[in-house]
Structures are given as structure tokens and as C-alpha cells.
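Biologist: I'm new to this one. Could you walk me through how to read it?

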Amino acid sequence: MSQLAGFTATGEDSHLVCRLKKSLYGLKQAPRMWYQKFDSYIRQLGYNRSDSDPCMYVRQLADESRIYLILYVDDMLIAGSNQAEIGKLKRSLHAKFAMKELGQARHILGMRIERNRTTKTLRLSQSDYIRKVLKRFNMENAKPAPTPLPTSIRLSDRDSPATDKERELNGKIPYASAVGSIMYAMVATRPDLAYVVGVVSRYMSNLGKKHWEAVKHILRYLKLTTDAQLTFRLITLDEVKGYTDSDYARNADNRKSTSGYIFTYGGGAISWRLKLQECTALSTTEAEYIAASEAVKEAIWLHRLSADFSATSRIDRTTTTIYCESQSAVHLINNLVYRIKTKHIEMRYHHIHSWSRTKSLKSRKWIPR
């Protein structure tokens, strides 16, 4: 690194630089170096890294119970039923790293965690974070909106400014910051925002007035749903359920469709995603088929992840039901003959057919809504 001000060598040594012996916060390799150091130490303590999520560590104890450690950069959650072993883990981490213990998890990464042991429920919300976002963009007193985005609004590149002067004026609008703030809420606890975030995020580089109005409408919807929560309930044995859908050719710019899925467990959403399809679907059946294919990939990952909780969880790993509203797409998945009419579909989307018939995923059902 360059010589620091006040320590610059003169004369023949002026061309020298400092050799970095320790990774500093903010450098490109700092997160990697931190993870490698933590990973090496936690594995020395007998914890195994999950194959499905490299930031989750599991240790199985002699009494068949497990301790889970979830790492997010330098924040972590520890869960388990053996308090003595949890205390031992904390002492080991304190001895190695400068840490601060905040007690029982109530807030993490902008999320509020509420546990009710009487009703056996767990709730996740970001009400405090959303209020800060509304205040930041002067929308705390805005009129609430009942939907994330009206169906009548169709955003496109045609709504972007055509002149340099208009672009310069729109460049002063905190569009990217607002979309990023909404996106953080969507990723953590608000699956209802997935579609609208996917729509407005397409116009970051060349936004128009209509695009900004759409973002403000989303903020007005957040005003109405500030206290919305994800609620999970203790169920004796529950299965992971998935729901998949698509909007055929709704993108006004390239007529591509959008794939969307959401998976639930314990009465609450655990995984969701919305993505613009890479190819152009030629029919609603094809669009739904591609969307279902993306959902199956997520279902396979969730099936694998649940193995890390198999000893202590109540997840029924024998069944995962995915609901698809398209009758023709369901037939296409279940009937090999239908593939003759869809030979143009990329082969990578046809994996859904083979997975639906394998022994390990034989119980996955495709049911029209």
C-alpha cells in the first residue's frame, strides 16, 4: 500500500511502498480473509460447514442434539438446546475474537425477531427499518397505497428521458438508493415486494418520471404495510410447499416473461425469487414450464439444506408439493409425449421432467391451483 502521510520516506526510499501484513477493513480481499480465518477456527472446534450453505456450521453432540451457528459477515446467530455447549462455544469465540454478546436474538440485520413460547410462534418483521426508509425519502406522511403497484402501470424504456438535459435532471433523483432500500426489505422479510422490485430495478441507469412515480407508489404501499410480519408456527410434521407462476410476455421492452416462485414452511415464507426469463417464451405453457423448472432447482436445494436439520427439525423430507396454476404445463411435466411439441425449449429447462420421476423426488406433486 502507498506510504501514509507523515511516514513518507525521502530520497532513495521515496519509491517504496508498505507491505501489508494484515488484511484491513475495507480492502477487496478483507471479507475473504476474515471468512477463511473464522472458517478455520470454527472447524477446529468440531463444527462442520454445511454443503448447502457455506455460512452455516453444525455440530452434532453426544445426546443427538445439534448446535447451529449462522454467520453473516461478522454477525452471527447461535441456536441449540444444550446451553452448556453453547456457553462453551461462546467462550471459545471470545478467546479468539473481539466479540460483543447481545443476549437472546431480538434484532439482527434490520430484522426484528419475536418469539412467543406460549403460542409457539416466531415472527420476523422490519417495521423499524421500513420507518427509517420512509423518513429518509420523506414519505412517512404519504397517503398509503393498497397494492405494491397498480396493474394498469406498465413501465418500459419508452418512459426514459430522451435528452441529455432530462437525464441530468433525473440524475439528481435518489432512485437507485430508494430501490436498493426497498430491495433489502424484499430480500429479508417481504416476498410481496419481489415482483415490483424486479420491475423498477431495470431502469437504474436511465430512469424517467414514470419510473420514479412507481417507486414512490411502492413506498406508499410500505407505509400501509409497515408492520407486516412473517409468522412461523410449530407443526408436528410439516412439508415444504412451493408455488410457481409466470407473467407471459409482460415485459414491454423485449416481451420476455417473468418466473416467480415462493416456498413456505410452518405457515410462513422461507424462500422466494422473481427473475426475468432469459429466453422469450412462445406461449403461456412454455412460460409456466420454465418458471416451474426454476422452482424445482430451488426445491432441490431446500431438500438438501433440510438434511442439515434432519435430526432436530420437524420437516417432512419425503414430500415437497409444488403448485402450478397451468394445467397444460402440468401435463407437459408429467407426459413425455408433450415434449415433441416443445423441442425448441432449451434442454436445461427439461431437467424438471427427469427430477419429477426420480426415486428421491418421486413424491413431488404437480397440482393445478
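Biologist: Is Cys279 buried or exposed?

Modeller: This is a predicted model, so keep in mind that we're reading computed values. Buried means under 20% relative accessible area. Cys279 has 17% relative accessibility, so it counts as buried. Cys18, at 33%, counts as partly exposed.

Biologist: Okay, on to charge. Which residues gather in the patch of positive charge on the surface?

Modeller: Residues in a patch need over 30% relative accessible area and no salt bridge. Here the patch brings together Arg154, Arg158, Lys210 and Arg255. Take Lys210: its relative accessibility is 37%, so it counts as partly exposed. You'll find Lys210 in helix α7, which covers residues 209-224.

Biologist: Where does Thr225 lie?

Modeller: Look in the loop between α7 and β8 (229-233). Thr225 counts as buried because its relative accessibility is 16%. Now compare sequence with space: Thr225 and Ser127 are 98 residues apart along the chain, yet their C-alpha atoms are 8.7 Å apart.

Biologist: Which residues form the nonpolar patch on the surface?

Modeller: Met1, Leu4, Phe7, Leu20, Leu24 and Leu27. Together they have about 590 Å² of accessible area. Leu20 is one of them, and it sits in the segment before α1 (30-44).

Biologist: Is Leu20 buried or partly exposed?

Modeller: Its relative accessible area is 40%, so Leu20 is partly exposed.

Terms used:
Residues are numbered from 1 along each chain as its sequence is written. This is a predicted model: local features need pLDDT of at least 70, side-chain atom pairs count only at pLDDT 80 or more; totals for chains, interfaces and linings use all residues. Side-chain values use heavy atoms; hydrogens and water are left out. Buried means under 20% relative accessible area, exposed over 50%, partly exposed in between (1.4 Å probe, protein chains only). Patches are made of residues with over 30% relative accessible area and no salt bridge: like charges are joined within 9 Å, nonpolar side chains (Val, Leu, Ile, Met, Phe, Trp, Tyr) within 5 Å. Accessible areas come from the Shrake-Rupley method with a 1.4 Å probe; for residues, only the protein chains shown count as cover. A salt bridge is a side-chain nitrogen of Lys or Arg within 4 Å of a carboxyl oxygen of Asp or Glu. Lys and Arg count as positive and Asp and Glu as negative; His and the chain ends are not counted. The place of a charge is taken as NZ of Lys, CZ of Arg, CG of Asp or CD of Glu. Helices (H or I, at least four residues) and strands (E, at least two) are DSSP runs, numbered from the N terminus.
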